[in-house]
Amino acid sequence: MNTHRISVFGLGYVGSVTAACLADHGNQVIGVDPQAAKVDAINRGRAPIVEEGLGDLVARNVTAGRLRATCDAEEAVSRSDLTIVCIGTPSRANGDLDLSSVLHACGEIGGALRHQSDGHIIVVRSTVLPGTIRDRVAPALEEASGKRRRDGFSLAHNPEFLREGTAIRDFHNPPKTVIGADDPRAAAALRALCTEIDGPVLVTTIEAAEMVKYADNAWHALKIAFSNEIGNVCKAASIDSYEVMRIFCHDTKLNISEAYLRPGFAFGGSCLPKDLRALTYLGRRLDLDLPVLGSVMPSNRVQVEHALRRIVAMGRRRVSVLGFSFKAGTDDLRESPLVELVERLLGKGFDIRLYDRNVNLARLIGANREFVFRAIPHIASLMVNNVEAALEHAELVVVGYDEPEFRSIARRIRSDQFVLDMARISERDALEERYDGINW
Ligand SMILES: NC(=O)c1ccc[n+]([C@@H]2O[C@H](COP(=O)([O-])OP(=O)(O)OC[C@H]3O[C@@H](n4cnc5c(N)ncnc54)[C@H](O)[C@@H]3O)[C@@H](O)[C@H]2O)c1
């Protein structure tokens with residue numbers, strides 16, 4: 001059994017579950033909330049919110065003397081070594097977060113720390129935008145406490161993944177526990193708190209932990225919107241959407257998997273763009289609005305623009321592109337976003353060389369040949385036969401996709417050459433400021 005002394009700020013959906021579950025693990029927990037009704041409920045052994053099983057958990061732990069609540073922030077901090085912030089972060093009208101309650105609590109926590117010896121650990125469990133803990137929470141705590149972060153107190157982020165309605169089960173069995181900490185003390189303390197919680201524990205930076213929560217929720221929302229749009233198409237076309245999604249979810253190789261979840265450059269090829277266009281056309285024919293599916297191609301075009309702007313901003317006119325078919329291991333140039341990128345760079349007067357071991361112009365036939373010669377009629381004069389010739393020409397090397405022969409680029413380029421990597425080739429650190437990843 002753990003025996004940490006913990007204060008939990010905010011006794012709403014997250015805070016009351018967190019406080020009761022941690023008390024049930026044997027910790028000494030004090031909940032803090034300005035709402036006297038919530039504090040009274042806990043102290044009378046009742047759940048301050050409706051959540052299955054919470055009433056029993058609160059009653060058991062209040063009776064056992066491990067859980068109580070107060071409106072007095074200073075008292076709670078002074079009687080604990082670790083403070084967990086579970087305060088609401090609602091939306092403002094412009095979509096930004098309203099941090100006023102969190103920052104107010106930081107003032108109270110910091111004020112209490114003034115009279116405490118160094119070493120208190122503050123864990124933010126509220127959902128906050130990346131950079132909030134570094135730029136807003138830490139300065140507020142430093143100002144109120146007169147102590148410095150890391151020396152006087154430690155900070156960590158432990159985003160919450162529970163779902164209302166199954167919150168207690170989710171607390172004990174989360175999909176993962178994420179510990180964001182740049183201070184080993186805070187990371188170790190949180191690890192110790194998690195020993196009775198199932199699932200993998202992933203330790204990372206505070207900013208990555210803040211961002212993971214947004215990536216998760218954006219993904220969940222996207223999955224729901226996606227399957228609703230597929231369902232709407234199915235219904236309008238008299239197809240059983242549950243049969244379609246059952247088969248869809250059966251594919252754990254490409255669909256429900258890590259596949260296609262690596263940030264990088266735009267997609268292309270002979271299938272994805274064509275099939276998305278056809279599906280959204282079908283939606284129009286069926287009088288359906290499909291805003292999620294309809295925004296995928298525009299998003300893909302933005303990624304080409306993004307790469308173009310990066311290259312222009314790097315200010316180097318002699319550019320060699322390594323790999324320009326739509327992906328590694330094929331000579332299929334149809335709708336390759338790299339071909340489009342090259343076309344746009346040529347239009348801007350860049351001096352380009354292209355290398356792709358799979359592309360042999362003499363052997364290209366049919367739609368593939370037609371596509372590339374329409375896009376870049378003089379492509380033959382731009383192509384070189386090996387990586388060395390491409391490197392010889394370049395001030396800037398653009399790596400189009402991950403291919404074993406490109407992975408040694410960092411060791412092979414001259415000290416005056418730059419790399420823009422679209423595929424996260426392995427030797428990124430070696431080049432330091434002469435290396436740029438498209439989105440990392
Ligand atoms: N509800 C969920 O399912 C869920 C899941 C994951 C993450 N989150 C995130 O967790 C955070 C809390 O969410 P919630 O649903 O529990 O919010 P909530 O509104 O239910 O509870 C917040 C509590 O904080 C209290 N509070 C305000 N100022 C305070 C202060 N100075 N000191 C102490 N307490 C104070 C409020 O009185 C309230 O009781 C949010 O950032 C939310 O996005 C919520």
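**Figure 1. Pairing of strands S1 and S2.** In this predicted model, strand S1 (residues 5-9) and strand S2 (residues 28-32) run parallel and are joined by five bridges. Within this pair, isoleucine 6 stands opposite valine 29 of S2. Strands of a sheet pair through backbone hydrogen bonds, in either a parallel or an antiparallel manner.

**Figure 2. The open sheet.** Eight strands make up an open sheet with mixed pairing, and their order is S3-S2-S1-S4-S5-S6-S7-S8. Strand S3 (67-70) and strand S8 (201-204) are the edge strands, each pairing on one side only. On average, neighbouring strands of this sheet are turned by 25° against each other, direction ignored.

**Figure 3. Helices on the sheet.** Helix H2 (residues 36-43) lies across S2 and S3 and runs at about 160° to S3. Helix H6 packs on the sheet as well, where H6 touches strand S5 (120-124) and strand S6 (153-157). The direction of H6 makes about 155° with that of S6.

**Figure 4. The crossing of helices H6 and H9.** The axes of helix H6 (residues 132-145) and helix H9 (residues 206-236) come within 9 Å and cross at roughly 110°; H6 is therefore roughly perpendicular to H9. H6 contributes Thr132, Ile133 and Arg134 to the contact, while H9 contributes Ile206, Glu207 and Glu210. By class, the residues of this contact are two nonpolar, one polar and three charged.

**Figure 5. The shell around the ligand.** Of the 25 residues around the ligand, those that come nearest are Gly10, Gly12, Val14, Gly88 and Ser126. Helix H1 (13-24) and helix H5 (100-113) each supply at least two residues of the shell, and the largest share, four residues, comes from H5. The shell comprises 10 nonpolar, 10 polar and five charged residues.

Terms used
Residues numbered from 1 in each chain as written. Predicted model: local features only at pLDDT ≥ 70, side-chain atom pairs only at ≥ 80, totals over all residues. Near = placed C-beta within 6 Å. Nonpolar A, V, L, I, M, F, W, Y, C, P; charged D, E, K, R; others polar. Axes fitted to C-alpha atoms, helices over the stretch in contact; angles between N-to-C directions. Parallel < 35°, antiparallel > 145°, perpendicular 65-115°, else oblique. Contact = placed C-beta atoms within 7 Å. Pairing = 2+ DSSP bridges.
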